[in-house]
Amino acid sequence: MLFRSLLITLPLAALLWAGLPLGDETRPASPPPSWWRSLLAGMICGICCYGYPPVRIFLPLLIAATMAVNWRVWFACDKRALAALAAGFAAFFLPLAWKQLVDPEMSARANQLWAWRPNASLAGKVWSVIARYPPHFGPDFLFTRGDSNPWITPPEGYGTLLWYTLPMMIAGVAAIAIAWKKSRAARLLALAVLLYPAGDVLNYHTGPNSLRSLPGVCALMLLAAWGTTQLVSWVAAKSRAAGWILGGATAMVVLAMSMVFLDDFFGAFNRQASVWSSFNVDMVRAFEWLRPRYAGADAVFCTSGNLPHPYIYAMVGLNYDPAEWFRGPMEKIAGPAPNHAHPGEDVYVRVGKLNFFYGFDDTQRLQAAMKNGRAHLILIARPGELTGLSNPALELRDEQGKVTLQIFDQMM
């Protein structure tokens, strides 16, 4: 998540470093924008669009909106710097945009997740997008519950942000209102806040999606930070002692609430059975157990259940060589799989010695693994999924002691 946040903050920092008119510097007192810095800033903006799909929507939209609302200042800039910025951005963004347009594989998953229903009219599509916008600013998503998806939901009673940010953001809104006419930075921040759901509103979800919204959440944190500094500065101008008291009290509240959250997050929440199930802790441990035994096995058969992309857990747990992924034999089908997983995606049923159950009749693959006589097979399954096998080599349990995964090490 920190990396995704940097995909937004780093380009903005680069634009400021280049001397482009995002802040409130006055010309010509400040040095003019540097063309070579502008070139690098444009390249950074373009490169960051490769990191996460919502960034490809939010970042270009934010930069374009910033230029539009302050077009007189941008138009008055050194034209060499603007040309260098455009060239640096285009060098990396245009190939990505072209690939996105001409390669259907780039949008295969997105086509399964649009906010509108299939065959919806243009008006219906527009309304579906608009309807997803307001909940991103509601207290339910921001402070009390967060994302409703069990894989990314926060601990009970928490939202996307901690409660201390609410008064800070209110102060930020007030500061923007006061400084709107004379401050480009205030207008930029206001635009960033209004646009923050842009990376999420095009896709369906049970509510606001915290991961797709994350690039824009940086704007909310900047709003809170700016509001706090403006308020403390205003109070300090009236009374230096009061300013120190307010700043110190704010820091203590932030620290205390953050410590309580971290204790809840890494404590009781981390031990919940739902969290263990959502993050498949048992599967990670199974592949860690398998790592030193993997070379000696002829084949590994692993359950999938409702697990999204089980081979990802295998690659991480086994410390799998990326080159081996491309060298080794693999089989894949177009999703969704028979268990309804992975719509619009490739479903890998075999990668090297790893075989994954998706509801197929896997007898043939088991027989193929044993066709050369005795075979050393390792089977990873949920309790009850495999019949006729007993005495598992390892049983993995959740925090409540319930068996969630069994590993059989068999010569067959």
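**Entry 1. Helix 9 and helix 10**

I began with the pair formed by helix 9 (residues 184–195) and helix 10 (residues 210–238) in this predicted model. I found their axes 8 Å apart and the packing angle to be about 140°. Angles over 145 degrees would count as roughly antiparallel. Helix 9 is therefore oblique to helix 10. I noted that the crossing of helix 9 past helix 10 is left-handed.

I then listed the residues in contact. Helix 9 contributes Ala186, Leu189, Ala192 and Val193, and helix 10 contributes Ala219, Leu220, Leu222, Leu223 and Trp226. I sorted the residues of this contact by type and recorded nine nonpolar, no polar and no charged.

**Entry 2. Helix 2 and helix 5**

Next I looked up helix 2 (residues 35–48) against helix 5, where the axes are 7 Å apart and the angle is about 25°. Angles under 35 degrees count as roughly parallel, and so helix 2 and helix 5 are roughly parallel to each other. Helix 2 passes helix 5 in a right-handed crossing.

On the helix 2 side I wrote down Trp35, Ser38, Leu39, Ala41, Gly42, Met43, Cys45, Gly46 and Ile47. On the helix 5 side I wrote down Arg80, Ala81, Ala84, Leu85, Gly88, Phe89, Phe92 and Phe93. The residues of this contact divide into twelve nonpolar, four polar and one charged.

I also checked alanine 90, which lies in helix 5. Is it buried, partly exposed or exposed? Alanine 90 counts as partly exposed, because its relative accessibility is 25% and buried would require a value under 20%.

In what order do the seven strands of the open sheet lie? The order is 2-3-4-1-5-7-6, and the pairing is mixed. Strand 2 (330–334) and strand 6 (394–397) are the edge strands, each pairing on one side only. From one strand to the next the twist averages 20°.

I reminded myself that the strands of a sheet pair through backbone hydrogen bonds, either parallel or antiparallel. I then went through individual pairs.

- Strand 2 and strand 3 are antiparallel and share five bridges; glutamate 331 has arginine 350 in strand 3 as its bridge partner.
- Strand 3 and strand 4 are antiparallel and share two bridges; valine 351 has leucine 354 in strand 4 as its bridge partner.
- Strand 5 (residues 376–381) and strand 7 (residues 403–411) run antiparallel and are joined by six bridges; isoleucine 378 stands opposite aspartate 409 in strand 7.

Two helices that pack on the sheet came next. Helix 13 (residues 281–290) touches strand 1 (299–302), strand 4 (354–356), strand 5, strand 6 and strand 7, and its direction makes about 25° with that of strand 7. Helix 14 touches strand 3 (346–351) and strand 4, and its direction makes about 155° with that of strand 4.

I returned to strand 3 and strand 4 to look at the turn. They form a hairpin with two residues between them, and glycine 352 in that turn has a positive phi of about 60°.

**Entry 3. Helix 14 and the residue after it**

Which residues of helix 14 are buried? I recorded Pro310, Tyr311, Ala314, Met315 and Gly317. The buried residues of this helix pack against helix 13, helix 15, strand 3 and strand 4.

Just after helix 14, I found that asparagine 319 takes a positive phi of about 55°. Asparagine 319 is in the loop between helix 14 (310–317) and helix 15 (322–327). Its relative accessibility is 62%, and asparagine 319 therefore counts as exposed, the cut-off being over 50%.

**Entry 4. Asparagine 119**

Most residues other than glycine have a negative phi. Asparagine 119, which is not a glycine, has a positive phi of about 65°. I located asparagine 119 in the loop between helix 5 (79–102) and helix 6 (122–131). Is asparagine 119 buried or exposed? Asparagine 119 counts as exposed because its relative accessibility is 83%.

Note on methods. Residues are numbered from 1 along each chain as its sequence is written. This is a predicted model: local features need pLDDT of at least 70, side-chain atom pairs count only at pLDDT 80 or more; totals for chains, interfaces and linings use all residues. Side-chain values use heavy atoms; hydrogens and water are left out. Helices (H or I, at least four residues) and strands (E, at least two) are DSSP runs, numbered from the N terminus. Buried means under 20% relative accessible area, exposed over 50%, partly exposed in between (1.4 Å probe, protein chains only). Axes are lines fitted to C-alpha atoms, for helices over the stretch in contact, and angles run from 0 to 180 degrees between N-to-C directions. Angles under 35 degrees count as roughly parallel, over 145 as roughly antiparallel, 65 to 115 as roughly perpendicular and the rest as oblique. A crossing is left-handed if the near helix is turned anticlockwise from the far one by less than a right angle, and right-handed if clockwise. Contact means heavy atoms within 4.5 Å. Ala, Val, Leu, Ile, Met, Phe, Trp, Tyr, Cys and Pro count as nonpolar, Asp, Glu, Lys and Arg as charged, and the others, Gly among them, as polar. Two strands pair if DSSP finds at least two bridges between them.
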